[in-house]
Amino acid sequence: MDIWALTIPVIGLAIVAIAVYTIWNITKEKKSGFPLADERTAKISGKAFTAGFLIGTYYLLALNFYNIISIEFLGGEPLESMPVINSALIVMGVTVLVLMTYLKRKEDA
């Protein structure tokens with residue numbers, strides 16, 4: 001049996017479960033009357049996502065220059081797309097998570 005025949009539906013179900021939980025949680029918070037995001041949270045999120053985007057962009061530019069130098073000057077093979085895309089998403093995501101955690105713990109964000 002091919003492992004992907006089982007893995008792909010499980011990933012799909014996990015995405016649907018996370019979406020349902022997120023929508024349920026947002027609905028519950030709206031009914032409770034508490035604000036979903038205050039000014040501080042919006043400011044922290046904005047800083048974290050902006051920095052994550054910029055760091056991810058610089059990372060992709062560095063990979064692009066590495067690719068150019070490797071191919072043109074060293075006679076190497078080009079980087080494959082899947083490792084580049086996956087590593088860029090990991091770099092961006094981890095950057096945002098680390099910055100949001102750091103900035104939420106700071107007293108004055």
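Select α3 to start. At 1.5 Å a residue, its 25 residues should span 36 Å, and its end C-alpha atoms are 36 Å apart, so the two values agree. The expected span is 1.5 Å times one less than the number of residues in the helix. Helices here are DSSP runs of H or I with at least four residues, strands are runs of E with at least two, and both are numbered from the N terminus.

Before moving on, note that this is a predicted model: local features need pLDDT of at least 70, side-chain atom pairs count only at pLDDT 80 or more, and totals for chains, interfaces and linings use all residues. Residues are numbered from 1 along each chain as its sequence is written, and side-chain values use heavy atoms, leaving out hydrogens and water.

**The buried side of α3**

Stay on α3, residues 81-105. Colour Val84, Ala88, Thr95, Val96, Met100 and Leu103, the buried residues of this helix. Buried means under 20% relative accessible area, exposed means over 50%, and partly exposed lies in between (1.4 Å probe, protein chains only). What do the buried residues of α3 pack against? Their partner is α2.

**Helix α2**

Select residues 39-72 next. These 34 residues form helix α2; at 1.5 Å a residue they should span 50 Å, and the end C-alpha atoms, 49 Å apart, agree with that. Now pick out Ile44, Ser45, Ala48, Gly52, Gly56, Leu63, Asn67 and Ser70, which are buried. The buried residues of α2 pack against α3.

**Asparagine 67**

Zoom to asparagine 67, in helix α2. Its relative accessible area is 18%, so asparagine 67 is buried. Show its contacts (heavy atoms within 4.5 Å). Leaving aside residues up to four places away in sequence, asparagine 67 touches Glu77, Pro78 and Leu79.

**Serine 70**

Stay in helix α2 and move to serine 70. Is serine 70 buried or exposed? At 8% relative accessibility, serine 70 counts as buried. Gly75, Gly76 and Glu77 touch serine 70, again not counting residues up to four places away in sequence.

**Glycine 33**

Jump to the loop between α1 (3-32) and α2, where glycine 33 lies. Glycine 33 counts as exposed because its relative accessibility is 59%. Draw a line from glycine 33 to threonine 50. They are 17 residues apart along the chain, and their C-alpha atoms are separated by 29 Å.

**Zoom out**

Show the whole chain. It has three helices and zero strands. From the N terminus on, the order is α-α-α. The C-alpha atoms fill a box of roughly 60 × 50 × 15 Å along the principal axes. The radius of gyration is 20 Å, whereas a compact globule of 109 residues would be near 13 Å. That radius is taken over C-alpha atoms, and the globule rule is 2.2 Å times the number of residues to the power 0.38.

Colour by burial: 14% of the 109 residues count as buried. Of the contacts between residues at least 6 apart in sequence, 71% join residues at least 24 apart.
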